[in-house]
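Q: Could you take me on a close look at one part of this model, the nonpolar surface patch and the loop and helices around it?

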Amino acid sequence: MKNTILIVVFYSCLKLFVCSSVSLLTDDAKNSTLKSRIVLPEHYVKEIRPPSKQGLPVVVDFNIFVADINSINVEDMDFRVDMFVRQSWIESRLDMPDYIFEEGDDYVTLPPEFFDSLWQPDPYFLNAKVSEIAALNHKFSSVTLYRNKTVKYSARMHAIIACQMEFQLYPMDIQICPIYIESCKFKGRKELPHYLHSSSNSTESNYINLEKIALLVIVSYHEQKLRLRWGTGAVTVNPELKLLQYDIGKPVVAEETVDYMLEKSGNFSRLVVFFRFERQIGHHLIQTFAPSTLVVMLSWFSFWLGLDAIPGRVALLVTSMLTLVTMFTGLKSDIPPVAYVKALDVWMAGCMMFVFAALGEFVVVKVLDLRYQLEYDLQTSMSRHYSTD
């Protein structure tokens, strides 16, 4: 009887807990939806950029905080970076009633889902192989609205960036890896809003193709419509970031305009950040330069051996040569095969030439010694012949 009562009480408590949780989630969803309805006007079209005064472009401020650079892959010529990306722009079409702000605050933070209902500049990394917003149970992103209708969107991103590396000075090379950021929108096809079916003109008619059934949104605004700009601080690198083989320098940022889309007129805004990776020479001093130098110096010990110690000299020099070949063969596997000569190749060739020169010196001296012995024996025999006569 007691067990039955305990089971009934347990299930009752569990039911109350589940119901309360569901109600809370429902209330949160209603609040989120309600807040979206309050902020967004009735005929808001997220595919159309915010209107600007006197033909000025929409300015999007961009900031990057580099949290971690996981690896610099010289074989695939790319590097992996985890970063926090922040965008901010003014959305003049929003309704910002005072009661959505807490007392003393000039901003309100909304759930990330609200960002899908807004117009987005959609910057993309031009030279990224992979670019995605980090997510575990939810996306690591947030949306903040200010009283002056400024929208700030922050997200943590993971990207694999391609970098055209040069290895002429390897292993004393310095790699300059840029990240190109541009704005492009590709939303696919979707149903037209009912109030656009009868629309005869549009301020964005050059960029939005209105069809009878669907809307294909592929927008790349030129600099008269949209301008990307580095915000205050631009690019910041985590001060605790340390790489195994590289020293990372201070990033250099730039703002460019490019003209590569022939079907559209005008130049396009682009942001560029240059990362400088300087290879640390300490590892190669210990693993490459110091051992190869000792092997070359070891080959010079053959100069102190007598000319009659042919097996000892040959064994010492040939062993030194094979050691260098084995050492440099293993080192060449660390970098991709390239068609040009690297600094390491010059060092390898120099070390082998020294060992080969030591072996050649022994051969030349031995041949000259044999000739000298033959001439000496010939002169001795002739002198003995004349003395007997």
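A: Leu294, Met297, Leu298, Trp300, Phe301, Phe303, Trp304 and Phe354 make a nonpolar surface patch of about 900 Å². Patch residues have over 30% relative accessible area and no salt bridge, with nonpolar side chains (Val, Leu, Ile, Met, Phe, Trp, Tyr) joined within 5 Å; a salt bridge is a side-chain nitrogen of Lys or Arg within 4 Å of a carboxyl oxygen of Asp or Glu. Areas follow the Shrake-Rupley method with a 1.4 Å probe, and for residues only the protein chains shown count as cover.

This is a predicted model, where local features need pLDDT of at least 70 and side-chain atom pairs pLDDT 80 or more, while totals for chains, interfaces and linings use all residues. Residues are numbered from 1 along each chain as its sequence is written, and side-chain values use heavy atoms, without hydrogens and water.

Helix α2 (residues 282-299) gives the most to the patch, 3 residues; helices are DSSP runs (H or I, at least four residues), numbered from the N terminus. Trp304 lies in the loop between α2 and α3 (310-332) and is exposed, because its relative accessibility is 71% (exposed is over 50%, buried under 20%, partly exposed in between).

Ser302 sits in that loop too, but is buried at 0%. Its side chain reaches the backbone oxygen of Ser299 at 2.8 Å. Beyond neighbours within four places in sequence, Ser302 is in contact (heavy atoms within 4.5 Å) with Arg313, Leu316 and Leu317. Among the buried residues of α3 are Arg313 and Leu317.

Key
Patches are made of residues with over 30% relative accessible area and no salt bridge: like charges are joined within 9 Å, nonpolar side chains (Val, Leu, Ile, Met, Phe, Trp, Tyr) within 5 Å. Helices (H or I, at least four residues) and strands (E, at least two) are DSSP runs, numbered from the N terminus. Buried means under 20% relative accessible area, exposed over 50%, partly exposed in between (1.4 Å probe, protein chains only). A polar contact is a pair of N or O atoms within 3.5 Å; within protein, one must be able to donate a hydrogen and the other to accept it, and residues adjacent in sequence count only if both atoms are side-chain atoms.
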